[in-house]
Amino acid sequence: MERSVIIAGFGGQGVILAGKILAQAGMDHGLEVTWLPSYGPEMRGGTANCTVVLSEEPVGSPIVDEPTDLVAMNLPSLDKFEPMVARDGTIVMNRSLIERDLERTDVRPYLVDVHPLAEEAGSSRAINMVALGAYLKATGVVPLEVVKGAMARMLEEGGKGKFVPMNEKALELGYEAV
Amino acid sequence: MGERKLMRGNEVIAEAAIRAGCECYFAYPITPQAELLEHMARNMPRLGRTFVQAESEIGAINMLYGAAAAGVRAMTSSSSPGISLKQEGISYIAGSNLPAVIVNIMRGGPGLGDIAPAQGDYFQATKGGGHGDYRMIVLGPSTVPEAGELTILAFDLADKYRVPVMILADGMLGQMMEPVELPDPVDPATLPKKDWALTGAKGRDPNIILSFDLDPEVLKQMNLVLQEKYRKIEDNEARYEEYQTDDADIVIAAYGTVARIAKTVVRRARAEGIKLGLFRPITLWPFPYEPLRELASRVKTVLTVEMSAGQMWEDVRLAVAERAETPFYGEMGGVVTTPKKILSEVRKYAR
Amino acid sequence: MPVNTENMVKVFGRPESLTDARFTYCPGCHHGILTRIIAKAIDELGIAERTVTIAPVGCSVFAYLWYKCDAVQASHGRASAVATGLKRANKDLIVISYQGDGDFASIGTAESIHAANRGENITVIFVNNQIYGMTGGEMAPTTLVGQRTTTTPDGRDPAYFGYPIRFSELIATLDAPVYVTRQALYDTRRIMDAEKAIKKAISYQVEGKGYSLVEVLSTCPTNWHMSPLEANRHVAEVVTEAFPLGDLVDRGG
Ligand SMILES: Cc1ncc(C[n+]2csc(CCOP(=O)(O)OP(=O)(O)O)c2C)c(N)n1
Ligand code: SF4
Ligand SMILES: [Mg+2]
């Protein structure tokens with residue numbers, strides 16, 4: 001089994017962190033992983049994305065031209081990456097910001113209204129965890145509990161331990177939404 | 001061995017250097033190797049070691065020259081434009097028989113170029129970017145864990161031969177994260193003593209470190225000593241990996257990030273029935289000419305793939321020497337090649 | 001009905017020599033204000049058609065986009081040397097070198113000092129934001145004592161990293177420079193002063209008087225982790241303590 005996901009959105013939507021947490025959780029779960037961010041000035045207010053590959057075998061290419069999955073947090077990201085997703089792949093998209101429907105009919109779409117769920121969890125900043133929760137349920141790639149653990153550890157290491165409960169709630173709400 | 005941790009390539013190189021006993025690190029900021037500097041800024045002072053943010057890359061390489069002359073393990077890091085500025089210093093370090101480690105996290109060039117991953121500095125690294133008849137061991141890691149291993153090897157080889165060693169990686173390797181297990185730290189105090197180092201002429205004749213002599217005959221002798229050392233390195237230190245080459249009709253020759261992308265291509269090509277393999281030089285100097293030549297006599301095609309206009313390609317053609325066809329496919333300017341693009345090149349040569 | 005503009009006074013307009021290209025700077029960054037001021041001076045002196053601007057390496061690497069003037073992009077720190085080459089090759093050009101503090105006062109130290117010492121007839125605008133903006137917030141030679149950056153995570157300790165360098169004061173000790181001044185942009189009064197200083201510096205070049213340096217205390221809200229307003233206040237209250245404002249040399253009058 002090898003899964004690859006591109007998580008993409010505006011800079012500031014937390015897509016880079018969501019990918020890191022997924023990669024950390026994949027590793028904790030005993031998988032081989034790579035995490036590759038977009039980097040450079042495009043992060044300054046522009047778009048950001050990262051690619052996570054999770055595999056039972058050593059990972060070959062960390063750069064992916066046919067991801068099995070996509071998490072699109074805004075329209076430019078969906079426009080850019082939708083055509084690349086593998087057939088029968090999974091697309092989680094942020095319904096709160098993306099009005100259009102998918103053009104692809106050969107993929108499994110999950111439309112999640114992430115913003116109200118993030119607010120419900122405690123802050124609009126938690127949209128990345130809502131989306132990640134939805135992605136976990138849609139694909140089953142790593143168990144929710146493992147992701148919660150990875151998230152808690154990473155936030156604590158970064159001195160942001162007080163946000164753990166909110167982000168846990170956001171992961172759960174996303175998970176339940178699909 | 002330590003615990004398995006998810007780490008960025010830049011951080012792994014920095015942490016591996018610390019564990020190898022690097023006591024002094026000098027650098028000037030540049031993208032895409034910022035995290036290397038930041039890791040050193042956070043950790044070296046805490047360990048009572050030296051971190052200096054130099055006023056320029058020229059400053060940093062000469063600080064490295066000084067620290068190496070003092071006999072400690074020392075390192076500098078930068079990315080392409082900054083490495084260009086270090087060339088004079090590298091020539092001095094080589095000419096003075098000093099061990100030192102230099103990291104180049106390559107980006108697109110020439111000139112200011114961009115900050116995206118590229119492999120356009122291969123000539124500069126392997127053919128002598130500075131002046132004079134010198135060589136530098138060049139190691140090309142392909143994964144984040146290998147970046148850690150080769151950083152430690154770099155310090156060992158530098159000390160063993162008293163030469164500069166370069167880690168030649170690209171922005172993608174620097175930025176990406178992968179699980180890594182680093183070895184336990186070496187205590188610098190336990191490393192072999194360097195009797196040539198500048199430690200103060202107490203109870204011995206003064207040690208003098210130079211790369212010059214105005215008498216051409218003497219300078220020639222100094223050069224011959226260097227050349228003899230380089231032949232020894234060529235004989236003993238060439239490293240490479242072969243992947244699925246046993247029954248291959250076509251092999252890709254690639255190093256660093258491109259080589260790992262090519263591994264995916266090998267798997268995909270084989271699923272299509274194309275007998276594809278990969279030849280991956282790990283030391284770019286010394287280049288593994290002999291093993292590639294031997295492999296070339298068994299295959300039809302050696303396709304070189306690089307993120308450059310074809311620099312390692314010259315070494316591949318030297319090695320293959322007409323034993324197989326040697327086409328080239330490359331991307332430039334920081335455009336990263338993908339498995340799909342490489343596979344469509346491979347198909348051109350498959351029957 | 002068409003508006004009668006005859007009796008109207010234009011108080012604020014887009015300088016003629018500024019292009020329509022959008023700034024690449026972060027919100028609240030002083031690089032943007034400074035760019036307009038320079039364009040205004042170019043307009044007022046009527047020199048757009050013979051001005052060459054030099055873009056450095058730093059957040060202002062795109063400086064060539066903003067002016068309807070010829071431009072060249074220099075390698076990191078070498079802009080004053082490139083300016084020397086341009087001016088020596090064609091003395092009719094008005095050469096404006098725009099450089100950050102890392103560019104001008106760290107990696108470019110040798111080129112910066114020697115262009116000044118030769119009294120090259122050029123104008124250097126030196127943007128002191130006490131940080132390496134472009135590369136993500138490392139220590140600059142001008143970083144204040146105690147200031148946290150990504151390479152001084154515990155704050156700049158002078159015993160380990162040295163003190164902030166007052167480069168304009170260094171240049172001011174030389175005999176050749178005609179005008180060396182330090183300006184700021186944190187309120188309207190300072191902006192008006194800076195406009196005057198920049199216009200004076202360039203007009204000295206037009207008159208063939210020689211080298212001038214305008215240091216401008218600037219903000220980097222992004223890497224200082226401050227709002228634009230906090231950043232302005234920080235310049236007014238803290239930065240000007242370490243870098244006092246005013247003319248250091250004026251031999252042009
Ligand atoms: C030779 C070389 N070294 C380093 C860099 C990386 N670099 C780009 S911009 C910059 C510093 C910019 O800081 P500053 O000059 O203060 O300008 P600011 O972005 O703060 O306006 C550095 C170190 C480079 N491009 N070339
Ligand atoms: S990083 Fe700082 S200096 Fe650069 S544009 Fe943004 S605010 Fe201005
Ligand atoms: Mg600056």
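This report describes ligand sites and selected residues in a predicted model.

## Ligand 1

Ligand 1 sits between chains B and C. A shell of 22 residues surrounds ligand 1, and the closest are E57(B), C59(C), D101(C), D103(C) and G133(C). By type, the shell around ligand 1 consists of ten nonpolar, eight polar and four charged residues. Helix α3 of chain C, which covers residues 101-107, gives the most to this shell, with three residues.

Polar atoms of chain C approach oxygen atoms of ligand 1, and the table lists such pairs.

| Residue | Part of the residue | Distance to an oxygen atom of ligand 1 |
|---|---|---|
| C59(C) | polar backbone atom | 2.9 Å |
| D103(C) | backbone N or O atom | 2.9 Å |
| N129(C) | polar side-chain atom | 3.1 Å |

How much of ligand 1 does the protein bury? Taken alone, ligand 1 exposes 590 Å², and the protein buries 97% of that.

## The magnesium ion

Ligand 3 is a magnesium ion. Which protein atoms are its donors? They are OD of D101(C), OD1 of N129(C) and O of I131(C), at 2.1 to 2.2 Å from the ion. Along the chain, the donors follow the spacing D-x27-N-x1-I. Both N129(C) and I131(C) are buried.

## Ligand 2

Ligand 2 lies between chains A and C. Twelve residues are around ligand 2, and those that come nearest are C26(C), C29(C), C59(C), N129(C) and C220(C). The shell divides into six nonpolar residues, five polar residues and one charged residue. Helix α8 of chain C, residues 221-224, supplies the largest share of this shell, namely three residues.

A polar backbone atom of C59(C) is 2.9 Å from an oxygen atom of ligand 1, and N129(C) is a donor of the magnesium ion.

N128(A) belongs to helix α4 of chain A, which spans residues 127-139. Why does N128(A) count as buried? Its relative accessibility is 7%, and buried means under 20%. A polar atom of the side chain of N128(A) lies 3.1 Å from the backbone oxygen of G14(A). Leaving out residues up to four places away in sequence, N128(A) touches G14(A) as well as Q13(A), L17(A), A18(A) and M73(A).

T90(A) is in strand β5 of chain A, residues 90-94. T90(A) is buried because its relative accessible area is 0%. How far apart are T90(A) and R108(A) in sequence and in space? They are 18 residues apart in sequence and 4.8 Å apart in space, from C-alpha to C-alpha. The side chains of T90(A) and R108(A) make a polar contact at 3.0 Å. Beyond its neighbours within four places in sequence, T90(A) is in contact with residues including R3(A), T68(A), D69(A) and Y110(A).

In chain C, T19(C) is found in the segment before α1 (30-45). T19(C) has a relative accessible area of 15% and is therefore buried. Not counting residues up to four places away in sequence, T19(C) touches R14(C), L65(C), W66(C), Y67(C) and K68(C).

## Backbone details in loops

Chain B has a cis peptide bond between T31(B) and P32(B), with omega about 5°. P32(B) is in the loop between β2 (24-27) and α2 (34-43). Another cis peptide bond runs from W285(B) to P286(B), with omega near 0°. The loop that holds P286(B) is between β12 (283-285) and α11 (289-296) of chain B.

R162(B) is not a glycine, yet it has a positive phi of about 55°. It is in the loop between α7 (144-161) and β7 (164-170) of chain B. R162(B) counts as partly exposed because its relative accessibility is 27%.

H225(C), also not a glycine, has a positive phi of about 55°. It is in the loop between α8 and α9 (228-242) of chain C. Is H225(C) buried or exposed? H225(C) is exposed, with a relative accessible area of 70%.

G109(B) is placed in the loop between β5 (100-106) and α6 (122-126) of chain B. With a relative accessibility of 45%, G109(B) counts as partly exposed. G109(B) and D121(B) are twelve residues apart along the chain, and their C-alpha atoms are separated by 8.5 Å.

Note on methods. Residues are numbered from 1 along each chain as its sequence is written. Chains are lettered from A and ligands numbered from 1 in the order in which they are written. This is a predicted model: local features need pLDDT of at least 70, side-chain atom pairs count only at pLDDT 80 or more; totals for chains, interfaces and linings use all residues. Side-chain values use heavy atoms; hydrogens and water are left out. A residue is near a molecule or strand if one of its heavy atoms lies within 4 Å of it. A polar contact is a pair of N or O atoms within 3.5 Å; within protein, one must be able to donate a hydrogen and the other to accept it, and residues adjacent in sequence count only if both atoms are side-chain atoms. Accessible areas come from the Shrake-Rupley method with a 1.4 Å probe; for residues, only the protein chains shown count as cover. Helices (H or I, at least four residues) and strands (E, at least two) are DSSP runs, numbered from the N terminus. Ala, Val, Leu, Ile, Met, Phe, Trp, Tyr, Cys and Pro count as nonpolar, Asp, Glu, Lys and Arg as charged, and the others, Gly among them, as polar. Donors are N, O and S atoms within 2.8 Å of the metal (3.2 Å for Na, K and Ca); water is not among the atoms, so sites may look incomplete. Buried means under 20% relative accessible area, exposed over 50%, partly exposed in between (1.4 Å probe, protein chains only). Contact means heavy atoms within 4.5 Å.
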